[in-house]
Amino acid sequence: MNDKELKYYQPYSIEKEYNFREKLKDTDSFYDQMLGEYEYFYKDEGNYGNRRNSDKFTAKEYCENGYILDQFHNWRNWFKNGKNIFSFSQELLQMLKKTDVKDLTYKSFKLPYDNFYISLKSLGIKITENSEKIIEGVYISIDRQAMENEYEEKDPLIFDYAISFNFVGDFLEHKLIDYDKIWDDSGYGGADFWNYAFYFREKENIITIENGIDDAKKMFRFSYFPENKEEIDDLHLDAFNRHIKFIDNTCKALVNSLLYLSLPSESKDIIAKYPNDLPHNFNKKLTISKNEKEQNKIGKKISETGFSKIQYVGLSFSKNNKNNTNSGLELSPHWRRGHWRNQAYGLKLKENKLIWIKPTIVNKDLGKPEKGHVYEIKN
C-alpha cells in the first residue's frame, strides 16, 4: 500500500473527513442541515402534510448534500453492525476474477455478517471508462429473510433485496455531471448509479447467481426506460450503458469474493488484526501489553476511537505461488479458469459444502500467459 493504511480503508477516511461519529449524536439535525427542515402545508379535507424546505439550496448543493448523506448512511450501517472490513490480497482477487460462477444458486452464500465492507482498491477498477479514479470498495448488506424467501412465502407481492451493494469512491464529480444532464423531478437516472442489488425468488425462477445478476440489469433498464416513457434519448441510453458496464466490471470479482467468504472455515485464509498507524501509539501498546486483560482494555479504547480489526484475506497467496499444471501438451502458457462446486457430505449426504477449484496457469515455465486469454474448464 502506498498511502497510510488507515486512510486506505474508506470507512475510516470518510468518517474523519466529515466527522460522522459526531453526527451520530443527533442524526435528525444533520439531515435537516443537509436537506432542509420539514415544513407543514395544508392539504384538502383539513389535513396537513409535511415536506422538506430545500429552497435555500441550489440544485448542485442539494445533490452534493445528498451525496454526503449517502456516504453517511452506508457508513452508519457499517459502524452500527460490527465495523467489519475485509481486505483481500491482490493475488487472491485476481484469481477470483478468473473463477466462473456457472449454475450456483443463492443458497451457496453463507456469509458471516449482515453488514460489512470489502476493499477493492487493489483491483484498480475505474469508476467509468474514461476516468482515472477507481472504486475504493463496497458496503454489503444481507437480508436473511429475503435470502430464505420468507417474504415470498408470507406475501407473493412483497419482495426485498437479499444482497445490496453500495460502492464507494470519489464519485461526486461524476454524480454532478449525471445530475446536470439527466436528473429530473422524478429522480430519473443516476441517483444510485454505483449501487445495485440481487434478489432471489423461487416462483419467478430467480435462483442462480447469474439469474440475480441478469435481473439486476433488467431492473435498471426499467428505471431508465419505464414503459410510459415515449422515447429513449441518447443521454439516458448512454447512462444506462455505462451502468450495465459497471455491473459487468464489478460483479464477477464481488460475487466470487462473497463465495470465498462462504467457504468452510478450514478452507479460508483469513487473519484478523489491527491496521498499522493507529492513533495514540496503540500499536506499540498492544505489542508490549503483558496479558489478555490489558489487550482487551486497549482494544476497547481502540474501538472508542472508531477503529476495528481488519480481516485480511488471502495473505498466503503471492505472486510466487506455483500453480503449474502439467498437461503433457506443448501449449503456450494460459489461464485455466477456476470454478465452484457444491460437495455433498454428512449423514446420507444430505448436507452440502462449497469447494473452490482454483484457476491455474498451464505451462507457466514457458512464460507469462497472454492478457485476457482464458481457457474454460469443460466437463
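User: Which residues of α4 and α5 meet?

Analyst: Thr-27, Phe-30, Tyr-31, Met-34 and Leu-35 of α4 meet Tyr-62, Asn-65, Ile-68, Leu-69, Phe-72, His-73 and Arg-76 of α5. Contact here means heavy atoms within 4.5 Å. By class the residues of that contact come out as 8 nonpolar, 3 polar and 1 charged; Ala, Val, Leu, Ile, Met, Phe, Trp, Tyr, Cys and Pro count as nonpolar, Asp, Glu, Lys and Arg as charged, and the others, Gly among them, as polar. Bear in mind that this is a predicted model, where local features need pLDDT of at least 70, side-chain atom pairs count only at pLDDT 80 or more, and totals for chains, interfaces and linings use all residues. Numbering starts from 1 along each chain as its sequence is written, and side-chain values use heavy atoms, with hydrogens and water left out.

User: What makes α4 and α5 roughly antiparallel?

Analyst: Their angle is about 155°, with the axes 9 Å apart. Angles run from 0 to 180 degrees between N-to-C directions, and the axes are lines fitted to C-alpha atoms over the stretch in contact. Over 145 degrees counts as roughly antiparallel, under 35 as roughly parallel, 65 to 115 as roughly perpendicular and the rest as oblique. So α4 and α5 are roughly antiparallel. The helices themselves are DSSP runs (H or I, at least four residues), numbered from the N terminus.

User: Why are α2 and α5 called oblique?

Analyst: They pack at about 125°, axes 10 Å apart, and are therefore oblique to each other. α2 passes α5 in a left-handed crossing, meaning the near helix is turned anticlockwise from the far one by less than a right angle; clockwise would be right-handed.

User: And what is the angle between α10 and α11?

Analyst: About 160°, with 10 Å between the axes of α10 (residues 209-224) and α11 (residues 234-261). That makes α10 roughly antiparallel to α11. Their crossing is right-handed.

User: How many cavities does a search of the whole structure find?

Analyst: 2 of 30 Å³ or more. A cavity is a set of points on a 1 Å grid over the protein atoms alone where a 1.4 Å probe fits but cannot get out. The second largest cavity holds about 50 Å³, where volume is the space filled by probe spheres set on the points, joined across faces, edges and corners.

User: Which helix gives the most to the lining of the second largest cavity?

Analyst: α2, with 4 residues. Lining residues have an atom within 4 Å of a point, and among them are Pro-11, Tyr-12, Trp-75, Trp-78 and Phe-307. α2 (10-18) and α5 (59-80) each supply at least two. The lining divides into 5 nonpolar, 2 polar and 3 charged residues.

Methods
On a 1 Å grid over the protein atoms alone, a cavity is a set of points where a 1.4 Å probe fits but cannot get out, and a pocket is an open set with protein on both sides within 12 Å along at least five of seven lines; lining residues have an atom within 4 Å of a point.
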